[in-house]
Amino acid sequence: MADAARRTLGLVLIALVVFPAFRLLDRADFMSSLMASSGEANWRFVWGFSFGVWTGVALVSVGLVAWVARGRLSARIAGAGRWLGRPPSSIFAAFAGVLGAVLTVAVVFVVFDQRTILNDASVQLLQARYFAEGRLAGPVLPHPEFWAVQFMVQTAAGWVAQYPPGHPALLAAGFAVGAPWLTMALATGVLGFFLTLSFDRIFVDDPFLADDRVAADRRGLGRCAVLLTVCSPFVLGLAGGYMSHATLAAAAAVALYFGLRAREGGIGWAAAAGAAVGVMTVIRPVSGFLLGLVLTAALWIRAHSRDDLLRRLGAWVAGGAPFAIGFGWFNARFFGGPFTLGYVAASGPDHGLGFHEDPWGRIYTPTAAVGHSSSELLSLSRELLGTPLPIVAIVGIFLLLAPRLSRGERLIVAWAVVPLVASALYWHHDLVFGPRMLGEAAPAWVALAVVAFAGLVRLARGAEESPSPARLWAGDAIVATALAGLAYGAVRGAGERLDTRAGLLGAYPAVDRDRPSLIFIHEPWPDRLGGRLSGRGMRLDSVRSLLTRYRPCQIEAGLLGVGEEEAMPVCRREELSDAAAQVRERGSIGITSLLWLDDLPGLPGDGVLWARDLGPARNAELIAAHPGREPLFLLPGAGADGWDLVPYDQGETILWNPAN
């Protein structure tokens, strides 16, 4: 039964990346169209069509290398793995942790310049700022329309992020020492450290993966997977972009180590494993809890008697209980009930998993799940290590052909598959950071790639003491293919993937942060309308529905309480303000990406306070409410950082003077 399930999984993975199932996605829908386009590009990249003749040259070169090596290449790689497995676990774990942390710092500062890419990260950083100020949320704002942004929820108890408090709490610890990036560096460091300790245990108990003669042989593959994980552009991009998937992956590595130690013995380790799962759950509830269950309690079912298992499960529950109670209290305080997540409070019950109408008013179907999964797995093959190798298909081939899976391999497969299934059942998909919904499974996919290549080499060489020349050639061809793919990733692919993320960033404006000021940012009319609707307490799904189904002037008329014809002068002025920005080559910047940087809305401060431009009349109300701040306008322009900071009157004339 287990073998049939493994082979079925292998076939499914192969099918999802070989056949262009992403073409099933509805091109009429904007997000689905983006996923389909990305799937097409990655499908062509992974399967070599974008390389043309160079793919043929690479394959011929690999064949020639394998012919010349005649088995020596595989032997050298095996020797390198043996050498990699020799250092003590603690030393190698420390090295992997430091390497991951240093690379994350480099990505944060050199590649991303400490900027955020997605609103998800910006909002969680904003929430972390409030935490760092000793508050659970921002205060109820007197002028919410100037700051209302996606994923922040106005409640009677305060202005709070829709996201669980785990990741913002960790970021708040970084803010407490003036370095939120330190949280992400530590996350990658923790990932490398505990992944080493866990994989040393998992791989040592695996006679199929390596020679039984020395433990170093068996540890080498796991340590190779650890190094590739902390060097992965996918992992580093998530960490450098302040994304919660990176902290969840780190917490998963900790939970796995505690779970393995608890399997070996000791109730205390079981309690620690429960606490780690609690942390995972308050970072990302669904994937965190399910993955935590697989990596901890599920390990003990066959390892202990019924009484021992019950004792460990009791300790596991006790370890996680404080986090569950705290999370429930937080949800009840802000969202109305201990089991009501912020996502639901922000977007309604349609935010949940399953096949139904989503908060955008679209129907999420099993067909869409297949199309999105196909696109995500193709992206994973490319993003994971920056190689053109069809990694997911290679993993699928290994699962299909391997005579058996060790206990460690089965655990790694479960780690990889649980987030994949959860993502397939979730209506929202994007590839801004690659398949970020699979980010917490990145270590498992890297490990599976290493396992798959090693297993296929063993299958190719056979069990004979003296393999035939054909078998030697096949084994070396597989090794040469893997090395060529890794070389491409190291030299070009990894940098390209990170640069692709960085290309989405705009420069943060350079402003005098010691000068009490109120800086207005001109967003496009639909964004201004969204802020005003949210400022009135409208739920995000309703805001999205209005903005997608009605023209801006229709919504403006509704906000004014008049007919559309009566609203035309106001609508015309709103249109002219956007037209003026475009004519002067002045674009827009979303306020979400700036709010977390300086003075917090609703709290006292003597620096910069950012606000949404809502036109002269409404702006005047906010200016009057902050008499100690100099009003200014931020306009994209010819400055060194791409921005012009101008006096308020000048900015108002540029954007809101009908004669402009």
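**Close-up views of a predicted model**

**View 1. Salt bridge between E564 and R551.** E564 and R551 form a salt bridge in which the closest N and O atoms are 2.4 Å apart. E564 sits in the loop between α23 (552-560) and α24 (568-583), and R551 in the loop between α22 (540-549) and α23, so the pair ties together parts that are 13 residues apart in sequence. E564 is partly exposed, with a relative accessibility of 27%. R551 is also partly exposed, at 46%. The structure shown in this and the other views is a predicted model.

**View 2. Salt bridge between R629 and D599.** The side chains of these two residues meet with an N to O distance of 2.9 Å. R629 belongs to the loop between α26 (616-625) and β5, while D599 belongs to the loop between α25 (592-595) and β4 (608-612); the pair therefore ties together parts that are 30 residues apart in sequence. R629 is buried, with a relative accessible area of 11%, and D599 counts as buried at 13% relative accessibility.

**View 3. Salt-bridge network of R23, E40 and R44.** Salt bridges that share partners join R23, E40 and R44 into one network. Between E40 and R44, the closest N and O atoms are 3.7 Å apart. Both of these residues lie in helix α2 (residues 30-46), where four residues, about one turn of the helix, separate them. E40 counts as buried at 16% relative accessibility, whereas R44 is partly exposed at 40%. The count of salt bridges in the model comes to 25.

**View 4. Strand β5 and its two pairing partners.** Five of the seven residues of strand β5 (residues 630-636) are buried, so the strand is largely enclosed by the rest of the structure. Strand β3 (residues 517-521) pairs with β5 in the parallel sense over five bridges, and F520 stands opposite F633 of β5. Strand β6 (residues 643-647) runs antiparallel to β5 and is joined to it by five bridges. L635 has D644 in β6 as its bridge partner.

**View 5. Hairpin of strands β1 and β2.** Strand β1 (residues 152-155) and β2 run antiparallel and are joined by four bridges. The hairpin connects β1 to β2 through two residues. M152 stands opposite A161 in β2. Both faces of β2 (residues 158-161) are covered, with G158 and V160 buried on one side and W159 and A161 buried on the other.

**View 6. Nonpolar cores and the surroundings of L377.** The largest nonpolar core has 166 residues, and those with the most contacts inside it are W147, L377, W415, W445 and W610. Helix α11 (residues 244-264) gives the most to this core, with 14 residues. Apart from this core lies another, of eleven residues, including L25, A36, A369 and A424. Leaving aside neighbours within four places in sequence, L377 is in contact with L13, L16, V17, V392, L420, L438 and W445.

**View 7. Nonpolar surface patch.** V286, F289, L290, L293, L353, F355, V421 and L425 make a nonpolar surface patch of about 610 Å². Helix α13 (residues 285-295) gives the most to the patch, with four residues. F355 is found in the loop between α15 (342-347) and α16 (366-383). The relative accessible area of F355 is 41%, which makes this residue partly exposed.

Methods
Residues are numbered from 1 along each chain as its sequence is written. This is a predicted model: local features need pLDDT of at least 70, side-chain atom pairs count only at pLDDT 80 or more; totals for chains, interfaces and linings use all residues. Side-chain values use heavy atoms; hydrogens and water are left out. A nonpolar core is a set of buried Ala, Val, Leu, Ile, Met, Phe, Trp, Tyr and Cys residues joined through side-chain atoms within 4.5 Å. Buried means under 20% relative accessible area, exposed over 50%, partly exposed in between (1.4 Å probe, protein chains only). Contact means heavy atoms within 4.5 Å. Patches are made of residues with over 30% relative accessible area and no salt bridge: like charges are joined within 9 Å, nonpolar side chains (Val, Leu, Ile, Met, Phe, Trp, Tyr) within 5 Å. Accessible areas come from the Shrake-Rupley method with a 1.4 Å probe; for residues, only the protein chains shown count as cover. A salt bridge is a side-chain nitrogen of Lys or Arg within 4 Å of a carboxyl oxygen of Asp or Glu. Two strands pair if DSSP finds at least two bridges between them.
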